[in-house]
Amino acid sequence: GVLALACPRDKFRILVQHEPMKIDFETRRDAFPAYYANSFSHLESAARSFRQLIHLLLANLEGIEEPKIEARVKKRNECIEKFNLKYRKEIEEKKEDYHIKDYITDLIGVRVVCYYESEIDKVIDHMKASFHVNGITNKSAILTAKTDAFGYKGVHLDLGLNDERKQLDEYRKIKDFVFEVQVRSIVQDAWSVVDHKLKYKKSIS
């Protein structure tokens, strides 16, 4: 609608009264596959680069056995499902516009599997010293705080390249990507498979 206000010299100024922003999840959901398809090869290349970089950083780290390192690009439907379950309600309550891709910090994921749990802190400290840290989630600490709970333990770091590496030509094409590094022991890695299946069965029951 419009609102007319009286102004000096009997002129009128017309103000447009905007309707509240309508957040349409279906539109954002339907737009995400196009972004995913157009970016997939670039995301895969970035995942390989981050895996190789982390391998080089940890290969000669004193006090640990060389860990197993894997990298992947999160599946398209898993991204949408994660956004829907974790972020959608809060964002839409705030009436904020959004793009799903901006909330999937683990679109690129690297998994570091240590032989022993005692090596995890050393790996985490090295990651923190080598990258820009956007956030850390200690699932071990969260679980330990729940005396009646059991489940997957591990530490997830949301990372990006630091300013020094962003200046290097070899990282120019991936300098703006963020990625998640999951650090866990072999035992924790095995349990994560079981934990994921249990949660999946619960979600569909």
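Buried means under 20% relative accessible area, exposed over 50%, and partly exposed in between, with a 1.4 Å probe and protein chains only. The model is predicted: local features need pLDDT of at least 70, side-chain atom pairs count only at pLDDT 80 or more, and totals for chains, interfaces and linings use all residues. Residues are numbered from 1 along each chain as its sequence is written, and side-chain values use heavy atoms, with hydrogens and water left out.

**Exercise 1.** Classify Cys-114 and Cys-79 as buried or exposed, and state how many disulfides the structure holds.

*Solution.* Step 1: Cys-114 has a relative accessible area of 0%, so it is buried. Step 2: Cys-79 is also at 0% and therefore counts as buried. Step 3: a disulfide is a pair of cysteine sulfur atoms within 2.5 Å; searching the whole structure gives zero disulfides.

**Exercise 2.** Determine which residues of helix α2 are buried, how they are arranged about its axis, and what covers them.

*Solution.* Step 1: helices are DSSP runs of H or I with at least four residues, strands are runs of E with at least two, and both are numbered from the N terminus. Step 2: within α2, residues 76-86, the buried positions are Cys-79, Ile-80, Lys-82 and Phe-83. Step 3: viewed down the axis of α2, these residues fall within an arc of 160 degrees (taken from the directions from the helix axis to the C-beta atoms), so they line one face of the helix. Step 4: Asn-77 and Leu-85 are exposed on the other side of α2. Step 5: the cover over the buried residues, judged by contact (heavy atoms within 4.5 Å), includes α1 (25-59) and α3 (88-93).
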